[in-house]
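Hi there,

Here is the structure I promised to pass on to you. Have a look at it first, and then read on for my notes.

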Amino acid sequence: MIENTGILLSIIMAIPMLGVMFASLAKDGLGQTTKGRNVLSVGIFTILSNLIVLWITARKINVNGTNLQLVEKFKWLETPNIELVFGIDFFSLLLIAAIHFAVLLGMIGVRNNPYRQKTLIISSLLFLSMITGYLLAADIFSFYIFFEATLLPLFMLVGIFGDIRKQDILYRFFLYNLLGAMLLFTALCILFDTENVSISEISRVSLNRHIEIFVWGAIFVAFLSRIPIWPFHYWISSVNVNISNPLVFIIANIMPLTGVYGLIRFFPLTAPDILDPYLLALKIISITTMVVISLIGFSNRDIQYKLFSYMTVYYILYLLGALLPTDALLGNIGFSLFAYLIVISAIEIMISHLEKEKQCTKVGDCGILCNIKRSSFVLSFFILAAVGLPLSSLFLNNMLIFAGLLSYNIKMAAFILVAIILSSISLLHHLFYLKYPQDDTIESKDICVSDISMPVFCVFILFMLILIASFINPLWFME
Amino acid sequence: MLNDYIALIPELILFLGLICMRLIKLVRKNNTPKTFYTISRLFLFFGAVMTAIFYNQNVGDYLYNNLFTTLFKMLIYIFTFIWGYLSLKRFTSKNMPSFTFYNAVLFNTLCFSVAISTHNLLILFLGLSLGFWTGINLIKMEKEPHELNGNGVYSAFSFLFILAFACGVGIFYYYTKSFNYGAIERTLAIKNLLIWQYYLAFSLIMCGILYMMSVAPFHFWFANAVGNAILPVAGYITIIPIFAYFACMVNVIVNAFYPILGWFNITFMCFGIFSIFIGAIGANSESNLRKIFAYSGLYYIGVTILALFPINDNNLVSAFIYLLVYIVAFCGIYTIFYGYRSRGDYLIELDDIKGVATQRPFLSVALLIFMISLIGTPPLLGFLGKLSVINSMIVGKEFVLVGAILVAMLILVYAYLKIITVVYFEARNKSFDEVDKGVYICMLINIILILIAIINPKYLMHDVEMMLVAVFK
Amino acid sequence: MPHYLIILLFVGIGSVFIPKNRMVYWWTSVTFFALIYSALSLMGYFGSSALTFDWQAIPNIPIAISFVPEYFGCCACLGVLILSFFAVYYNIIVKKEERPNTINGLVLLNCVFVISALLSPNYIQLLAAVGMSDVIVFSSINQLDAKKQYIYGNFFADFILLNTFALIFVQSDSIVISSFGNASKQWGHRDFIAIMLLLSIFIKSGLVMFHTAYQKMSSLNYNRLNFILYLTTPLMGAVVFENIKDIFVISDYSYPLLKIFSVLTVLSAFIGTLCVDNIKRKAVYLSMMFWGLIFMGYAWQISTFSPKFYILLLSAFLFNNSLMLIYKSASDEVLISRMGGFLQSLKFTFFINVISVILYVVTWWIYAQKSIPYAMVGLFVISITSAHVFSEVYLSQSKADEWVLARLKNPLFLLWLPIVFIFSVVLYIKSNDWQYIYGFAVFWMLLFIFHPLRKLSVLYQYDSLQKLDKVTWIYNFFILAPLRFFGRVLRLIVDFVFIERTLIASIKNAIRFAIFIFRKLHGNNIWGHLIFVLLGVVIVAIAYYKGVMQ
């Protein structure tokens, strides 16, 4: 790690917390002056401020550096001797920026939704702060602290803005995640008590074989608990697909990223023998999950499920890409994830808009886009980008990830590719469903719904430009 | 001569307070609930100050004060002080007499203070038994006989266990001719002279203390007692006595029974495991808020017991940290119970607080923070407790216990989730009363404590360790 | 990036995004200017060597891209530009589009990406260009089924292409196409690579089994349809093939597969052209036949991607546009079965049609003359189909509406001018071969007059045959339906039966049972308490026995 005494990372983590403070003090009434968007403005301002700080950070770090940079250390406990360490590399910077963009899009998506907006924004900013801390964590304890701390804001958001009828599933979802967090905690305590090492050096710690099996098993289970992995995907899928609030949906679907990121950080480049059975199991489970979820998404009529299946398949793709015995792909995964998070957030915002508009028309959502050109254009663009056409950094960077997987095991890669094709076609299929009325009795003029407003359209155009810029040069913001 | 007894000043002040309170009750006719609170506050304050001043003064062979005892006594003073203040809100709002409560509180403080410091089995027995019995009797406060369903049974069992405690003390006196810890320890240290009666007496004393702590399987009285009692009493018996029982148990074990402790560790482990599972399942089986937290308290007591044994300085620190963290959170939760009122009634059923977050958001956020702290989720103080306990168990290679704690925690969290659901996710079906500012102040102090302590816990951990290890000297 | 491409790109984007499609003629002029300027700029590159630029699309891989062509590339780009010019021209002249600026813009953008693909020295540039072109075409199609099938197919093709190149990349560790050479023989999965690449190319070019998307486009406006059929994705398929053709030697399956598909494509397009009633569908089949013939050339390694190809492509494009003249003259009537006997009224149109056929055949001959059998096959199918179609239209008994008959008139000269112009140019070039052209004209006229396949017109009556779409049915029945079925079954089995009914139900029941026991023991009865006390005593006793007695 390259040591530095800056405070940029602390600022990045603190800004959302400051946002939480300001948001909790802001009035959220539906007054004339604020139009009920006071808290929302605080949220948006917070994210924009943090994006500026992130940009400054990006200018300060070495893009090609493999070590963590701008390291900040805090002595937390003496007995046991725990030091919290934060650092950043280009991969985590990309993820943090993408999450900020995604949450920003989510906030734009809820601008007209006054229902408990204060709670929504506060919890979202809290989540943002926690996940930012998670992505900056460089030692095992801060890693765990933020890993578990992301759970609560998510639970609150899903509980308040999700489907109240599925509380039982929500409990399971939380407990399942908590179980993972507890296992991680135990594993980390064992590691810590044996030797206090940084995350990247965990595989170096020599443990009793049984304990080592447990420790790695716990780490795997902990991170996999965040990803809707088969056969436990049901809880996460049931919770996620019933969220109508776009910001909450986006946040809920950022959660698997914590699992993927955790495994990326923990998994050693040269895996010890002890990991072989876990890796094998992980691969089998991952591929089964991809195929099963993509098939279910393909046969499901609910666009939220389709989107969920698409996201899951891609998350697992990134995970498998990251677990290959090379770190050359990490940058590509970062660039791809950057575009991916923006794309899915934008799609979700549009879907949520259409879902709301659907309530206003009696003809359902089939062909709902046919008279709203802006929405149609935006959704088409993002879905085409999502399926991998050359509109974002997904396109070429995914190619390299596929290359890695194909070179590793072509049969495994074939299954992965089938799953990706299925989930992408599901999205495309729904795009057509939304674009064209299929019932001959319905005239397109009968479908009278509101389009997105011009300012929002401009925001989407801005994000499209960002995506295209990321395709032309993923380091667009550095030059 | 006087110097030998100077350390008794705090206890003497409390005793004076009791007399003063009694006199005022007899003499003054127009007493308000605040009158007795003011008296108890005054004497508690001075008692605390004197305790701090004479933190290392002894009274012959009877009372040994050191950092360990002072720590627990001060905690009892502080929490009693806070709880006394909050309880006043209840007595004032209902305009009910407060003498019984504050008198008992003062008396209990006196008993616990003596019991913590003592190195004499008889005084220990008297201090704890009287304190416990006073608590049991407090449950009847403001209750009609028909409302005290099952109380007789608990009283009978309580009497039985106090009797067992007394028998244990008696057996030791019979064979060692002394109540002094040191003398008993010296006797027990000679392995050739160990007879089964010592083991029996030790078991009886431990069972007595564990019963008072309501450790499973001797827990059956606690939840119903807390559920039936009025809020000040329920809060008091949940929060304060546990410090005294814990301190006394550690003190007596370390200074008197240490030579024969080994064989009993497995009992502690079994009791601990029972407690965590019964606590977790019990919390899920209830719809009464206080009972839910009473059972969850059982879980925390269980973890504390598991962490404490086999006793050593590391385990003591981790068990204490865990205990402190959970009591702080419980104190916060009971403070919130003072805020959950509708039409003047304190709400105790889950269904009563549906959607309260929409009308009382700050209270509900506080409840959430305390529950999250109890779960041990970072970055709240509860995490520190969890860290210290799990870490100490892992150091001791007790992986099975860690597994049991985590599984039981998952079951317990399910109960917490139900509370969060009711408070946040369900629609409100009633209007909630305005909350007293005092409740907010106490709650805020508690939250700040939870937040600040976690940001920089090294001082807390370091100083606490230094104070706790004094018991071994 | 060279300025000619930048101009094309920006004019294209500008045309697409002009609000409410204002200033049509002004923007069209700009479009023409951009195309002409680009053509002139390209001519300026003749003789110069290819220049490369660094592209930072993937930071860890240096990508050298090229937009400045060598001699052959220059010809190819000019061909594409000329074709784009005619596409824009017809778009403006026909006046069928609501938003002509948008189509013009899409033509320009497509032109940029086709040129990029043509000039790509590496497959990253190729892939990006192919993908972008798909987006353009996707935006151009305004018919649901066609759009759907197009994007499904081409997404699949792009995905295969991407992954096959990924597989190549990991083996060759190079993205430069010219570096494949002999090294490709050492690769693993050679058959797989070749088959996947071919599959992708077949889908793009709309060869048999992958042609339904183009068939569904028959409801598009004629000029838009022709633009898509000749200037976009099918051409991209051929461009991809041409770029990577050296790879196909790695597998013994490549050329047999290519032969089978190309022959089947020509055959099915031939039959389709003869059997379908709709003139636009005939146009689609004719384009399919064209691409089939081109791929036949590749299969037998006869033809190359020379400048002749672009002349042929332009002729085929104009031939298809000559069919549009009939359609326009007959008041937008699309069914051949409702035409017939138009010769009386549309002599000039017939003349234009004939010269378009001659143009097509002559350019075909120029292209395919290296192999006489190959050239004869093309000659045969083009002659038969064109003669058959024109006989149906001009000679057979009239079945047209009176209204249509009354309104028959030769089309505006601007519509046939390009055909005559190009015909003149080609004849001027081939002025030494007049005797062959006469010979062919006589042969064709005989076919036209005698109309040997006239019996086939009876097929127009069979509605089921006209709407027959077995390929879509096969996809639906053998691929989509089983996938949906498996999806639902999996959901039922995994989500409900296994997770909900088995796993969760077991845990729930266990906890319920524990709570039941708990409540029984904690009721207000003394026995429960006694049990607990006894339990405590037993534990202590066991501990004593274990710890002290033993």
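I'll begin with chain B as a whole, where buried residues make up 60% of the 473 residues. Please keep in mind that this is a predicted model. The chain has 21 helices and two strands. Its C-alpha atoms fill a box of roughly 70 × 60 × 45 Å along the principal axes. For 473 residues, a compact globule would have a radius of gyration near 23 Å, and the 22 Å of chain B agrees with that. Of the contacts in chain B with a separation of 6 or more, 79% are between residues 24 or more positions apart.

B:F330 counts as buried because 23 other C-beta atoms lie within 10 Å, and the cut-off for that is 20 or more. Setting aside neighbours within four places in sequence, B:F330 is in contact with B:T238, B:I239, B:F293 and B:G297. There is also B:G235, 95 residues away along the chain, whose C-alpha atom is separated from that of B:F330 by 8.5 Å.

Next, a helix pair in chain B. Helix α2 (residues 9–27) and helix α5 (residues 99–117) of chain B pack at an angle of about 160°, and their axes are 9 Å apart. That angle makes α2(B) roughly antiparallel to α5(B), since angles over 145 degrees count as such. The crossing of α2(B) past α5(B) is left-handed. On the α2(B) side, the contact is made by B:P10, B:E11, B:L14, B:F15, B:G17, B:L18, B:M21 and B:K25. The α5(B) side brings in B:F99, B:Y102, B:N103, B:L106, B:F107, B:T109, B:L110, B:S113 and B:V114. Sorted by type, the residues of this contact are eleven nonpolar, four polar and two charged.

Finally, the place where chains A and C meet. Here 39 residues of chain A are in contact with 39 residues of chain C. On the chain A side, the elements giving two or more residues are α11 (276–299), α13 (330–358), α14 (373–387), α15 (394–408), α16 (410–435) and α17 (454–472). The largest share, nine residues, comes from α15(A). By type, the side of chain A that touches chain C has 31 nonpolar residues, eight polar and no charged.

Happy to talk any of this through.

Best wishes

How values were computed: Residues numbered from 1 in each chain as written. Chains lettered and ligands numbered in written order. Predicted model: local features only at pLDDT ≥ 70, side-chain atom pairs only at ≥ 80, totals over all residues. Axes fitted to C-alpha atoms, helices over the stretch in contact; angles between N-to-C directions. Helix = DSSP H or I, 4+ residues; strand = E, 2+ residues; numbered from the N terminus. Parallel < 35°, antiparallel > 145°, perpendicular 65-115°, else oblique. Left-handed = near helix turned anticlockwise from the far one by under 90°. Contact = placed C-beta atoms within 7 Å. Nonpolar A, V, L, I, M, F, W, Y, C, P; charged D, E, K, R; others polar. Rg over C-alpha atoms; globule rule 2.2 N^0.38 Å. Buried ≥ 20, exposed ≤ 12 C-beta atoms within 10 Å, placed from the backbone.
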